[in-house]
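Subject: Structure for you to look at

Hello,

Here is the structure I said I would pass on. My notes on it follow below the model.

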Amino acid sequence: MIFDLTGKVALVTGAGQGVGAGIARRLADQGAAIAVNDLVADRASATVDELVERGARALAIQFDVGDYESVVAGVKEIEAQLGHIDVLVNNAGVPENMGVAKFSETTPADWASFVDVNLYGVLNCCNVVIKGMCERGFGRVITISSAAGTAGAPIGVAVYGASKGGGLAFMRNLALEVARQGVTANCIALGLMNNVPKEFLPALAESIPVGRAGDPDEIGACCVYLASDEAGWMTGQTLQLNGGSVTT
Ligand SMILES: NC(=O)c1ccc[n+]([C@@H]2O[C@H](COP(=O)([O-])OP(=O)(O)OC[C@H]3O[C@@H](n4cnc5c(N)ncnc54)[C@H](O)[C@@H]3O)[C@@H](O)[C@H]2O)c1
């Protein structure tokens with residue numbers, strides 16, 4: 001079977017709901033064992049229940065990706081329970097109660113939560129798993145980014161976009177650093193997804209060329225490819241997955 005992930009272990013951060021849950025579902029359906037991370041333990045457990053029902057091996061693991069020591073402890077637990085991590089999906093990226101605001105109306109106190117999750121979170125998780133991946137000669141790192149980080153969006157997300165752009169630039173450099181060791185590093189820059197508040201969805205979706213928002217399972221399908229053995233020549237790239245709203 002092409003894109004078979006049997007025997008692989010994937011850590012998906014922020015997978016207790018939304019896009020991360022869709023990624024976890026698709027990777028699990030291809031045979032991977034999944035460590036479902038979330039800041040909120042109950043969300044992680046709910047996703048694990050769903051994966052187990054589908055026949056997967058899965059572990060709920062609560063930690064804050066922005067806190068290095070918690071990531072170290074979380075990865076240790078995953079390795080003890082599931083085995084070494086072959087695939088890391090840095091999906092956590094929306095601070096709890098994220099709002100939108102014009103940059104001129106923000107202050108430094110508003111910026112940290114974005115940088116913590118989207119830059120430090122990516123650095124922390126990559127740092128903890130990358131050495132092992134290189135030593136074993138196989139690894140797949142995928143970071144979920146946003147059109148706010150690649151193209152910009154006039155909707156009050158400048159700081160969020162800056163944090164996404166930082167993670168993206170890091171991934172390009174990481175990809176080059178580990179390219180000879182069987183480890184790839186890629187980003188997927190998402191457009192509008194269908195888990196935004198329902199009242200905004202029809203109006204926002206209208207502006208997307210395909211006429212609808214994206215579904216988490218569609219992002220999961222892209223991750224299946226990037227996580228696979230077959231994707232060994234794909235590295236250092238940012239795939240735009242957005243229904244045509246940004247073209248390249
Ligand atoms: N939804 C969209 O329209 C959209 C568009 C572009 C990009 N994205 C990106 O897709 C990814 C997922 O977004 P979503 O819409 O599913 O978000 P969401 O808010 O629905 O879910 C994110 C999950 O991450 C968890 N989380 C938040 N901070 C965390 C932390 N520090 N450590 C661990 N877990 C944490 C939350 O508890 C939550 O369960 C994010 O990286 C986001 O930036 C989403």
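Is F3 buried, partly exposed or exposed? The model is predicted, and in it F3 has a relative accessible area of 24%.

Aromatic pairs

Three aromatic pairs turn up in a search of the whole structure. In one of them, the ring centres of F3 and Y225 are 5.7 Å apart and the planes stand at 75 degrees, so this pair is edge-to-face. F3 belongs to the segment before β1 (9–12) and Y225 to helix α8 (residues 216–227), so the pair ties together parts that are 222 residues apart in sequence. Y225 has 27% relative accessibility, and so it also counts as partly exposed.

Another pair is F103 with W111: the centres lie 5.6 Å apart and the planes meet at 20 degrees, so these rings are stacked. Planes under 30 degrees apart are what count as stacked. F103 is partly exposed, with a relative accessible area of 47%, and W111 is partly exposed at 31%.

One ring also has a charge over it: the charged end of K8 sits over the ring of F138, 4.7 Å from the centre of that ring.

The ligand

Which residues come nearest to the ligand? There are 29 residues around it, and D38, R43, N91, Y160 and K164 come nearest. For R43, an N or O atom of the side chain is 2.8 Å from an oxygen atom of the ligand. Q17 places a polar side-chain atom 2.9 Å from a ligand oxygen. N195 likewise has a side-chain N or O atom 2.9 Å from an oxygen atom of the ligand. Taken alone, the ligand exposes 830 Å², and the protein buries 91% of that.

The elements that give two or more residues to the shell around the ligand are α1 (18–29), β2 (33–38), β5 and α6 (158–177). Of the elements, β5 gives the most, with three residues.

The strands

β2, one of the elements in that shell, is mostly covered, with six of its six residues buried. A33, A35 and N37 point one way from β2, while I34, V36 and D38 point the other way. D38 is also among the residues that come nearest to the ligand. β2 runs parallel to β1, and four bridges join the two. V12 has V36 as its bridge partner in β2.

How many residues of β6 are buried? Strand β6 (residues 183–190) has eight of its eight residues buried. V183, A185, C187 and A189 point one way from β6, and T184, N186, I188 and L190 the other way.

β6 pairs with two strands named here. With strand β5 (residues 139–146), the pairing is parallel and has eight bridges. With strand β7 (residues 238–241), the pairing is again parallel and has four bridges. I188 takes part in both: I188 is the bridge partner of I144, and I188 stands opposite L239 in β7. I188 itself is buried, as are the other residues listed for β6.

Regards

Conventions
Residues are numbered from 1 along each chain as its sequence is written. This is a predicted model: local features need pLDDT of at least 70, side-chain atom pairs count only at pLDDT 80 or more; totals for chains, interfaces and linings use all residues. Side-chain values use heavy atoms; hydrogens and water are left out. Buried means under 20% relative accessible area, exposed over 50%, partly exposed in between (1.4 Å probe, protein chains only). Two strands pair if DSSP finds at least two bridges between them. Rings of Phe, Tyr and Trp (its six-membered ring) pair if their centres lie within 6.5 Å; planes under 30 degrees apart count as stacked, over 60 as edge-to-face and the rest as tilted. A charge sits over a ring if NZ of Lys or CZ of Arg is within 6 Å of the ring centre and within 35 degrees of the ring normal. A residue is near a molecule or strand if one of its heavy atoms lies within 4 Å of it. A polar contact is a pair of N or O atoms within 3.5 Å; within protein, one must be able to donate a hydrogen and the other to accept it, and residues adjacent in sequence count only if both atoms are side-chain atoms. Accessible areas come from the Shrake-Rupley method with a 1.4 Å probe; for residues, only the protein chains shown count as cover.
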